[in-house]
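I open the notebook on a multi-chain model. I want to look up folds, contacts, record features and confidence.

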Amino acid sequence: MLTAIVTQTGDQVQVRLVPSETTDTTMPEAVLMSASAEAEATETAVAEVKTPPNPVNPAQNEMLWAAGSFLVLFVLMRYFLFPRLKKGTEARYASIRSNSEGAVQVKADAKTDVAEYEKALDAARAEAAGRVDAARQTVDNERTAQLAQVNARIAAARAEADQKNAAARAAAQGDVAAAVATVATRVAELALGKAPDASVVNAAVASTMEGSRS
Amino acid sequence: MEAIARLIAAEAAAAAEAGTTTGDGLTAMGAGLAYGFAAIGPALGIGNLVGKSVEAMARQPEAAGMVRTTMFLGIAFTEALALIGFVVFILLKFA
Amino acid sequence: MIALKFPEINEILVWKELFPSFNKISLIAVLAVLISSALFFMAGRKSDVNEAPKGSRNLAEIIVDFIEDGVIMQTMGKEGLAWTPFLLTLFLFIYLCNVPGIIPFFQMPATARMAVPMFLALLVWVVFNATGIKHQGVGGYFKSVLFPPGVPKALYILVTPIELISTMLVRPFSLAVRLFANMLAGHILLVTFALLSEALFQANDKILIPVGILPFIMLVFLTSFEVLVAFLQAYIFAMLAAVYIGGAAHPEH
């Protein structure tokens with residue numbers, strides 16, 4: 001059950017519906033204030049204050065305002081604001097893309113230049129290496145020739161020395177053999193009473209010396 | 001925390017009503033209980049859901065974006081049950 | 001003790017009319033439209049193509065990128081990009097209706113009144129059904145909704161009513177209720193703690209005055225939590241709308 005409470009102040013009429021159980025017939029302060037504020041502002045004689053409805057109930061006026069404003073925003077967004085923003089974004093993307101393509105081009109050019117430079121560098125390097133090799137070859141040849149010369153000289157000197165050595169050794173051997181033969185002949189003469197044949201003594205001496213040497 | 005706060009609000013509202021009749025008191029109590037019980041299931045559900053999602057994101061950080069989207073969808077569906085309880089609470093109080 | 005009377009929930013939601021039928025909720029809705037169109041109008045002005053976007057253009061492009069990459073690409077794929085303006089409008093409108101809940105002097109999210117979420121949910125319902133009918137024809141659409149492929153024939157007795165209810169009734173209902181109840185609950189929480197700390201700060205018993213700092217800290221914490229909720233609810237609403245529209249356009253997903 002609801003009870004309507006009507007209050008009149010001057011030419012202002014205020015209506016409030018309250019549950020019948022409630023004994024409180026005064027206006028809530030906030031409502032009073034707002035009601036009088038509105039009355040002053042709009043100069044309307046009547047300020048309506050309804051009972052607060054169930055909070056789950058959708059209020060028709062609020063729904064209409066929300067629907068209207070949402071649809072306005074949607075139409076604006078769909079046909080005007082969003083395409084305009086998107087156009088700017090696309091323009092920027094396109095410019096970035098073309099810039100980056102230009103950068104890629106420049107990079108490729110630079111790469112070609114670098115490749116050419118490296119090619120020239122390689123050629124120069126190869127030439128230098130060739131020259132160095134040739135010089136080294138010459139030096140090597142000279143060195144081998146000189147080495148060979150020196151070796152030959154050394155070999156000749158050694159051969160000469162060997163020859164002298166051998167001659168000296170042969171002479172010494174001859175002397176020793178002659179001395180040994182003389183001694184042997186003398187020993188045999190003393191033992192046998194007659195001088196042995198020189199050739200037999202010589203052969204014996206030679207064979208002994210050969211045997212002892214080996 | 002939120003649920004407790006809501007319950008406190010409900011009970012405070014119930015206490016404000018207490019001056020009237022027993023029926024009103026019972027309604028208020030039922031309203032508070034409606035929300036309290038309605039919050040139990042979704043609370044477990046959301047806890048489980050978010051925990052598993054975090055686990056999945058930690059295991060596979062590269063799938064984090066997808067997992068997060070699905071997690072929010074799941075939370076939205078699970079939470080709806082608790083919110084329906086909240087609306088029932090309001091309806092019980094005002095219908 | 002302190003004298004503390006919490007207002008009825010419906011009392012904290014009803015606002016006087018600035019002029020007939022136009023109250024705070026309508027004002028917030030209109031302001032949301034004005035702010036977002038002003039932002040996108042400023043953002044759309046000619047700008048140097050060689051410069052990084054800044055100011056309003058930067059902000060608007062971040063929002064658009066968020067809708068395109070965070071909502072559409074995740075749920076509908078590339079062919080859903082044509083829906084960007086719709087989902088962008090949805091997201092912006094809901095966000096700007098949510099955010100006054102924590103802005104001083106507004107202190108009321110427009111979406112905490114059933115009218116706004118209900119309208120948006122009905123709109124999404126109409127849009128996704130229309131999309132399904134447009135893409136698959138009336139018969140095809142209802143066939144794919146009521147008789148999802150890959151289900152044994154006998155199970156259709158069970159599946160068809162469930163699908164009918166969940167697609168045609170539960171979807172718009174849960175969309176509307178989710179947004180409405182989240183914002184209303186947040187609003188009630190803020191009101192509760194604000195009233196509690198006010199009552200404690202003005203208590204006759206002097207000992208109670210410092211205690212008032214506790215609900216006040218909670219109030220600050222909840223306010224920052226509402227910042228997150230305002231964004232999250234707009235995001236979830238837009239994402240669910242995208243999922244529904246994408247599902248209606250391409251039933252195989």
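What share of the contacts in chain B with a separation of 6 or more comes from residues 24 or more positions apart? I looked it up: such pairs account for 68%. I note that this is a predicted model.

**Entry: chain B**

I read the secondary structure next. Chain B has three helices and zero strands. Along the sequence I get the pattern α-α-α. I then checked burial. Of the 95 residues in chain B, 25% are buried.

I turned to the record for this chain. UniProt, in an unreviewed entry, places "transmembrane region" at residues 28-50 and 71-92 of chain B. I compared both spans with the model. Residues 28-50 of chain B are 100% helix and 0% strand. The end C-alpha atoms of that span lie 33 Å apart. Residues 71-92 of chain B are also 100% helix, with 0% strand. Here I find 32 Å between the end C-alpha atoms.

**Entry: chain C**

The unreviewed UniProt entry lists "transmembrane region" at residues 25-44, 81-103, 115-133, 179-200, 207-225 and 231-249 of chain C. I checked two of these spans. Residues 25-44 of chain C come out as 95% helix and 0% strand. Their end C-alpha atoms are 28 Å apart. Residues 231-249 of chain C are 100% helix and 0% strand. For that span the end C-alpha atoms are 27 Å apart.

**Entry: where chain A touches chain C**

How many residues does each chain bring to this contact? I find 33 from chain A and 41 from chain C. Which elements of chain A give two or more residues to that side? They are helix H1 (29-42) and helix H2 (60-192) of chain A. H2(A) gives the most, with 23 residues. I sorted the chain A side by class. It has 20 nonpolar, eight polar and five charged residues.

**Entry: confidence in chain A**

Where is confidence lowest, and where highest, in chain A? The lowest mean is 44, in strand S3 (residues 46-48) of chain A. The highest is 91, in H2(A).

I marked one stretch. Over residues 30-48 of chain A the pLDDT is below 50. Beyond near neighbours in sequence, that stretch has 17 contacts in the model. Where pLDDT is low, predicted coordinates should not be read in detail. I leave those contacts as a count.

Methods
Residues are numbered from 1 along each chain as its sequence is written. Chains are lettered from A and ligands numbered from 1 in the order in which they are written. This is a predicted model: local features need pLDDT of at least 70, side-chain atom pairs count only at pLDDT 80 or more; totals for chains, interfaces and linings use all residues. Two residues are in contact if their C-beta atoms, placed from the backbone, lie within 7 Å. Helices (H or I, at least four residues) and strands (E, at least two) are DSSP runs, numbered from the N terminus. Ala, Val, Leu, Ile, Met, Phe, Trp, Tyr, Cys and Pro count as nonpolar, Asp, Glu, Lys and Arg as charged, and the others, Gly among them, as polar. UniProt positions are given in the numbering used here, feature names are shortened, and annotations may be inferred rather than shown by experiment. pLDDT is the predictor's confidence in each residue, from 0 to 100. A residue is buried if 20 or more other C-beta atoms lie within 10 Å of its own, exposed if 12 or fewer, and partly exposed in between; C-beta atoms are placed from the backbone.
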